[in-house]
Protein chains: 2
Amino acid sequence: MKRFITAILLIFGLFTCYAQKHPNLVFTQEGAAQIKNNLGKYPLLDLSIAEAKAKVAANIAQGIEVPVPKDPGGGYTHEKHKLNYDVMLNAAMLWQITGEKFYAEFVREMLLAYAKLYPTLGIHPEGVNSGVPGKLFWQSLNDAVWLVHAAQAYDCVYDYLNSDERKNIENNLLRLSVKFSMEDRAETFNRIHNHGLWAICGVAMTGYVLNDKDMVEKAIYGSNKDKKTGFLSNIDALFSPDGYYCEGSYYLRYAIMPTILLAKTIQNNQPDLHIYAYKDSTLAKSIPALLQQTDPIGQFLPFNDALKDKAWTSGEIVYAVNIAYNDIAADPLLLYAAQQQGRVMLSADGVVVAKAIGEGKAPANFKWKSMELRDGSKGDQGGVAMLRYGQTPDAMAATMKYGTFGMEHGHLDKLTIGFYDQGREILSDYGSARFINIEQKRGGRYLPENKTFVNQTIAHNTVTVDQKSNYGGNTKKADECNAVRYYFNASDERLQIVSAKDTTAYPGVKMQRTIALLQPDDSYFTRPFLLDLFNLQSEKPHQYDLAYYYQGDFIHTGIKYDYEREMQAAGGSQGYQHLWLRAQGTAANDNESFTWINAARFYTITTICKPEKTQLLMVQSGANDPEFNLRNENGIIFREQNSNSRLFASVIEPHGSFSPITEASLGSYANIVRLKEVVNNAAVTAVTIEARNGKRWLFAISNNNTDPNANHSIELNGKTVSWAGTHVFIMIND
Amino acid sequence: MKRFITAILLIFGLFTCYAQKHPNLVFTQEGAAQIKNNLGKYPLLDLSIAEAKAKVAANIAQGIEVPVPKDPGGGYTHEKHKLNYDVMLNAAMLWQITGEKFYAEFVREMLLAYAKLYPTLGIHPEGVNSGVPGKLFWQSLNDAVWLVHAAQAYDCVYDYLNSDERKNIENNLLRLSVKFSMEDRAETFNRIHNHGLWAICGVAMTGYVLNDKDMVEKAIYGSNKDKKTGFLSNIDALFSPDGYYCEGSYYLRYAIMPTILLAKTIQNNQPDLHIYAYKDSTLAKSIPALLQQTDPIGQFLPFNDALKDKAWTSGEIVYAVNIAYNDIAADPLLLYAAQQQGRVMLSADGVVVAKAIGEGKAPANFKWKSMELRDGSKGDQGGVAMLRYGQTPDAMAATMKYGTFGMEHGHLDKLTIGFYDQGREILSDYGSARFINIEQKRGGRYLPENKTFVNQTIAHNTVTVDQKSNYGGNTKKADECNAVRYYFNASDERLQIVSAKDTTAYPGVKMQRTIALLQPDDSYFTRPFLLDLFNLQSEKPHQYDLAYYYQGDFIHTGIKYDYEREMQAAGGSQGYQHLWLRAQGTAANDNESFTWINAARFYTITTICKPEKTQLLMVQSGANDPEFNLRNENGIIFREQNSNSRLFASVIEPHGSFSPITEASLGSYANIVRLKEVVNNAAVTAVTIEARNGKRWLFAISNNNTDPNANHSIELNGKTVSWAGTHVFIMIND
């Protein structure tokens, strides 16, 4: 019955009145009391308060400066306004915690300074470089972030201000800023997108503080209150039932902040909305899932545009982790992340987390789990998979992406993979071309090469057909399509598999990629290798380019290559123009290998080749890059021209060891020496894998049946091999 | 009187008899007793014993294998024989420590197996790739290292063996190995070189064990016992009075092991030789000096051939640190290094170190000191300087090299500099081109590009004249010449200077380079910048190329450049053939800048240019490198053609901050905007340095007078500026 009423409330927006006390957004009166009662007890809480005090003190000492907006991202006024909102909110919370008036006074003066400046502002002079210019900042996104902070700061000092001051701040600052968000930037406000979430969050928070029901309802249900836009609609569209966020992990890292802050605010003001439980509890799932969408050192997996080095220590995640632990589920893995973050929110959530960590409840290690996350609003538009093996610091992971495009931060990289070992990137994804907030690099915005190279198919560990990106590079088309899930099984750590298919990226070309982390029961293999089966089926002939970007230093390939003493780009468009062609050769044998070293270990790709047909191209990113915006990353491309159907079957094998300290080099040659295609048809794909010591294994996967009880069989050297279920991996005795 | 007798003994080699007890080389009976008495007391000692036990146990389990030598460096038999000597010595010491017979039995069997194999061996089949092939290994160097271990192992089990076994091992193994070293490889044995030290050490140790006075004397005084070769002669020639080793820090790291092990052995057997005090105590000085010749994370400074990643945690340094602490001076900095090493020698020295660390005597931080180390046997052949600022993890260092060439591991890099900040390389030296012990990379030997690129002048942060390396690339000539010290002053941490001169590298071109870490008394500058004055004087015109190799990502330069859409090498020889020319431009202004980012900070080189004359070349190593042996490192070259005399005056300034986590970018523009040459003549070089805020400073150095009381003066804007002493750095008010 309660659930039914909630549903009614959600659908019709029949709000009860809001509790009119201050503060009551994220930081609450109760939170302030809890913090006061727990001072001196939990190191992480005390540290976080001390850091806030130090930051505010430094800025109070410098005096308040609210400059006329002028500079682009990274420039002085940009960074100053960012600093201002951060310091203002911290001071406001410290006023609530300490009762020391100079904090409230500082916030009051700053808000009044903004109230004086704001009405005089037109569009930001650098706004021309942004599709959506702001007023305080070059892009309105930053203005929205500013409002999220300012509304909270105002809430904390509300009772300190007199009514004239409130009126001034509300009319000349907060309502104008809301108006700018909702009206001048209506398109963003009503957009299903992380920018929309920020705008919505700022407006909703302001609405709650001002007790403006209309404002709140428009934020939650959209401008027309029809649920076609607004907060709930964003959750509907952007989050899958598994908590996966369609733009990818890096952007969830950003979007989670307004999302969770607004959810928390709704929870504090309208608990009957049961916002965390909305849509099959997708928000509740999204935070643990986000922590899992990281590489073995906690950096977000580069699904779509992503800056490397962004880890769960990022400030946005502090909110997500603290609120999730307090409001949603007391998962110890959240405490691990909080401990890594080294600070907590100044709120009741932060107190609970600091207490739990103080009581030793945080686990010593983070447990990454093998998992698949479905993509799409309904979970029916492909997904991403993460296979995990081993523990930090020597953790291995393999990823595959086979979901939707991901809006304007999407990459044209259907069925791309990533591979990590030793806690490091081994097969890498470029991430994005951007020096964020560094003014000299185009104001810190995405650089042109992000579109012309990084987003293109050839920049990824996948197949490019006919030197054209997925969907011919048409991102609108890409946004309408998705790959599909086929099979995921990680029940056995020594035998983990994911397989997915796509028929949309290249019309007429059916693609299926199966990757598996396989550890044979043999002392040769102290850890798993990655089997990679990329199956292409087409009636018409094509050129297939299978690229692998590797991190480390090249050691050896068996393919004789011609080295380029003068370098040219590998092509003219679709990303190829940004690849220096360093060398090229043609396979002479039915298997060829390519070895490199990364830190303490060697890696070899061994792949089935067609002698005199399969070409190897050694490439490096950075061509046609006059501003030197790209990193120089090394890759290899296995190319086959004029092919209808082709199974690229490869093993990526970690082997041996190297120590620069002892200079000991062991096992620099791969253990796996040969793969062989046994069968590859609509029903089954099967290969054998042969080790240096003569032992052989069979890996087979059914291509059209995931019934765990179905029986399959193939012929191998005149004998019948049968198995039940989708896959098999066994040693074979001849 | 005692000293006089020692001198007599040293000169005439009048040995008293050796103490005939076993073991008595490095590991002694007394050491064994001390270890036994201290078991369970000091974690580092217990850990080291436990590690030795584990290593030996694993190998005993596998059984003894003494394979017929076959493989090159990194190959199976190579690594197996290396493992054998290590395990054999550890087992031998454990026999002494524990009295457990299976240790002695293991060593006995292994020595007998070698005694059986050794007489059958000819020259190693891969020896052709080495100038000096060995028997067990492809190069005789490794055979010498083997003997150093085998002699010690034999010493430890001497009393366990019966006389037949001893006779067998002595005649069929040890004496044959000594004979190979002293006779078949007489040239190496009598060479003044680290290879010589290893050979001498093995022979001397064997001599002491066998009580063979002749063998010992030949090792210490040379084959002819005339002190023209042998151990003492090596110390004379290779070590400067400051303890600097002429091949550089990386090779001292290697050479120190036989040196200190033999010194310790002599100390145990002939203490009257006072070996540590020999030649003004150069050995005693060399070990603390070696620890200082490291970058801010303890990796050896790349003076000459050097593998990056080699730190004082290397095994060789464990011996040096432990023996130095026990026998020479109980310097707490040695304990810091020992703690980083995480293990101690199994000897009396190790006990003393483990005890001191167990008692908390190790300091929390290593204190790097600014210092100059003189080069040359007598200390009169130039030197190296290290300027230090700040503490780990944000330590800064600047280095300059102006000594001898450094024999076959020397680089043609007169007056080259290095710069470190944040504990990271900022202006980098390539180190060496070698994948040590990785068989696929030419058996792990130095690669051809080490000679053709890494050793060449253009590969360094110095000036190349007329596109020719120092001495026209003639290394024999280089070995006969050296730069000279001029001035070193690091008494004030905020104003550290070193200046050196060279007239030998380029006939007719006088070079003087002065670098200074300068921190103005101004809030703009939170840490010092590096001033770099490279002064070239010539009667004839030349092309001057001043190169800087930087680590990090390029951000901006004010020089308009033409970007190369197809890349060619920057030249045809002398290292230029290995540089891709990525872009080139010409200065338009009298000052130009070049900015990059490395981790959390920006760096800008601001340099005085001649408009329309000074060229900028952006280069990257890796051209004409068909085996991909080179790393791709980025550099810039400031080029001036047809110049007689030129003062390259530059500032390398760390500025601002960047955080990928908070995305905050601050101060991405340099604070220093302009340098100006005030005067540059035989007497004085002076420049002004102007900051963005308009403040200006004067730096001046006398070029021909280091008398601290001498007075100097120059004219600056019509006023006379005077100072006493060699240099001045002051703010100037116009």
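B:Ile608 is found in strand E16 (residues 601-608) of chain B. Strands (E, at least two residues) and helices (H or I, at least four) are DSSP runs, numbered from the N terminus. The model is predicted: local features need pLDDT of at least 70, side-chain atom pairs count only at pLDDT 80 or more, and totals for chains, interfaces and linings use all residues. Residues are numbered from 1 along each chain as its sequence is written, chains are lettered from A and ligands numbered from 1 in the order in which they are written, and side-chain values use heavy atoms, with hydrogens and water left out.

B:Ile608 has a relative accessible area of 11%, so it is buried. Buried means under 20% relative accessible area, exposed means over 50%, and partly exposed lies in between (1.4 Å probe, protein chains only). Beyond its neighbours within four places in sequence, B:Ile608 is in contact with B:Asp590, B:Asn591, B:Arg646, B:Ala649, B:Leu675, B:Lys676 and B:Glu677. Contact means heavy atoms within 4.5 Å. B:Leu261 lies 347 residues from B:Ile608 along the chain, and their C-alpha atoms are separated by 52 Å.

Strand E16 belongs to an open sheet of eight strands in chain B, in the order E7-E8-E9-E10-E19-E16-E15-E12. The pairing is antiparallel. Strand E7 (484-492) and strand E12 (553-557) stand at the edges, each with a single partner strand, so one side of each has no neighbour in the sheet. From one strand to the next, the twist averages 15°. Two strands pair if DSSP finds at least two bridges between them. E12(B) is joined to strand E15 (residues 591-598) of chain B by four bridges. One bridge partner in E15(B) is B:Phe594, which pairs with B:Thr557.

Strand E2 (residues 383-389) of chain A runs antiparallel to E3(A), and seven bridges join the two. A:Arg388 has A:Ala397 of E3(A) as its bridge partner. E2(A) and E3(A) form a hairpin with six residues between them. In the turn, A:Gly390 has a positive phi of about 75°.

Strand E3 (residues 396-402) of chain A is mostly covered, as seven of its seven residues are buried. One side carries A:Met396, A:Ala398, A:Met400 and A:Tyr402; the other carries A:Ala397, A:Thr399 and A:Lys401. E3(A) also pairs in the antiparallel sense with strand E4 (residues 416-421) of chain A, over five bridges. In E4(A), A:Ile417 is the bridge partner of A:Met400, and A:Tyr420 is that of A:Ala397.

Six of the six residues of E4(A) are buried, so the strand is largely enclosed by the rest of the structure. A:Thr416, A:Gly418 and A:Tyr420 point one way, while A:Ile417, A:Phe419 and A:Asp421 point the other way. Three bridges link E4(A) to strand E5 (residues 424-427) of chain A, again antiparallel. In E5(A), A:Glu425 is the bridge partner of A:Tyr420. The hairpin of E4(A) and E5(A) has two residues between the strands, and A:Gln422 takes a positive phi near 55°.

Helix packing was examined next. Two packed helices are described by the angle between their axes and the distance between the axes. Axes are lines fitted to C-alpha atoms, for helices over the stretch in contact, and angles run from 0 to 180 degrees between N-to-C directions. Helix H14 (residues 315-328) and helix H16 (residues 348-358) of chain A pack at about 85°, with their axes 8 Å apart. H14(A) is therefore roughly perpendicular to H16(A) (65 to 115 degrees; under 35 is roughly parallel, over 145 roughly antiparallel, and the rest oblique). Residues of H14(A) in the contact include A:Ile323 and A:Tyr325, and those of H16(A) include A:Asp349 and A:Val353.

A:Asp349 also forms a salt bridge with A:Lys264, the closest N and O atoms being 2.6 Å apart. A:Asp349 lies in helix H16 and A:Lys264 in helix H12 (residues 249-269) of chain A, so the pair ties together parts that are 85 residues apart in sequence. Both A:Asp349 and A:Lys264 are buried. A salt bridge is a side-chain nitrogen of Lys or Arg within 4 Å of a carboxyl oxygen of Asp or Glu. The structure holds 74 salt bridges over all chains.
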